[in-house]
Amino acid sequence: MHELILHHYPTSPFAEKARLMLGFKQLSWRSVMIPPVMPKPDLTALTGGYRKTPVLQIGADIYCDTALIARRLEAEKATPALYPEAQACNVATFAQWADSVVFQHAVSLVFAPESMAVRFAKVPPEFAKAFAADRAALFSGGTASRLPLEQARHQWPALMGRLQQQLQSGADFLFGEPSLADIALAHPLWFLRGTPVTAPLVDDYPAVAAWLARVLDFGHGSLSEMSSEQAIAVAREATPAALPDEAFVDPNGFAAGQAVRIAAVDYGVDPVEGELLFAGREELILRREDARAGVVHVHFPRLGFRIEAR
């Protein structure tokens, strides 16, 4: 049985989502720190070019995107459930909305000049410049566009007002019992809580702030540090897991064994090339070989990603 290895960095909101999922499941995991900006040579040795944060590694299997990481952790440990059976569709749909719409608002608000001045007050100017250039590249070429700050400010009270109203009804969590929906909505708000400039956008709503505290109390599970070199060695020495016991289905006619490239469609659209091994209802798997990491299987969610023939 291979260890869970999370490649992440502390201030990434989607990494916080993954850490909270690990805490919710009370799992043990290894922590590999990655740079917040490109280049990320040790990470891309495993992913083949996918650069978004975080990435979950289990032996020689590499899981990209927190939507798929959530499903893999659910398979790792069934309870407590990220997708409670009676609410699985509602939870998955809500989480996708939170990861896109609410996160888009949070990014715009966090990247406001007055907020960024506080966030980068103690970092070298060279890093701030590199970070800005990296994020411009990250959002280049995809379908996602930066929500204008004025629009984010305008719409934020409606989003928080709805959440405040629901939580005032007395439920501790969004769908009654805790689920992925809570974690997916929590991480953009955690991001906003990062400075006193944007924290009032959450803290001015008492029921929301109390709910967020309950979600953050899930913690991060039990973690221990691992170097990126050690993680690459784990992949090199491991054999990828057997493919899922599910029919290969691709509506566009791609076939098992075909040389393809897979990329996100919204942002961070750097493609990963390899051999398409599997296309299931939720998951795509590529086989690729790296000089350092050996043979790895890179896993992507179907939603939000595209396949092209090489």
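**View 1. Helix and strands around the second largest pocket.** At least two lining residues come from each of β4 (61–64), α3 (66–76), β8 (283–290) and β9 (294–301). The helix α3 gives the most to this lining, contributing 4 residues.

**View 2. The cis peptide bond from Met38 to Pro39.** In the predicted model, the bond that leads from Met38 into Pro39 is cis, and its omega is near 5°. Pro39 has its place in the loop between β2 (28–33) and α2 (41–47).

**View 3. The cis peptide bond joining Thr53 and Pro54.** Omega is about 5° for this bond, and Pro54 is found in the loop that runs between α2 and β3 (55–58).

**View 4. Gln26, a residue other than glycine with a positive phi.** The phi of Gln26 is near 55°, and the residue lies in the loop between α1 (13–25) and β2. With a relative accessible area of 56%, Gln26 counts as exposed because this value is over 50%.

**View 5. Asp65, with a positive phi although it is not a glycine.** Here phi is about 85°, and Asp65 is found in the loop between β4 and α3. The relative accessible area of Asp65 is 18%, which is under 20%, and therefore the residue counts as buried.

Technical notes
Residues numbered from 1 in each chain as written. Predicted model: local features only at pLDDT ≥ 70, side-chain atom pairs only at ≥ 80, totals over all residues. Heavy atoms only, no water. Buried < 20%, exposed > 50% of the residue type's maximum accessible area, 1.4 Å probe, protein only.
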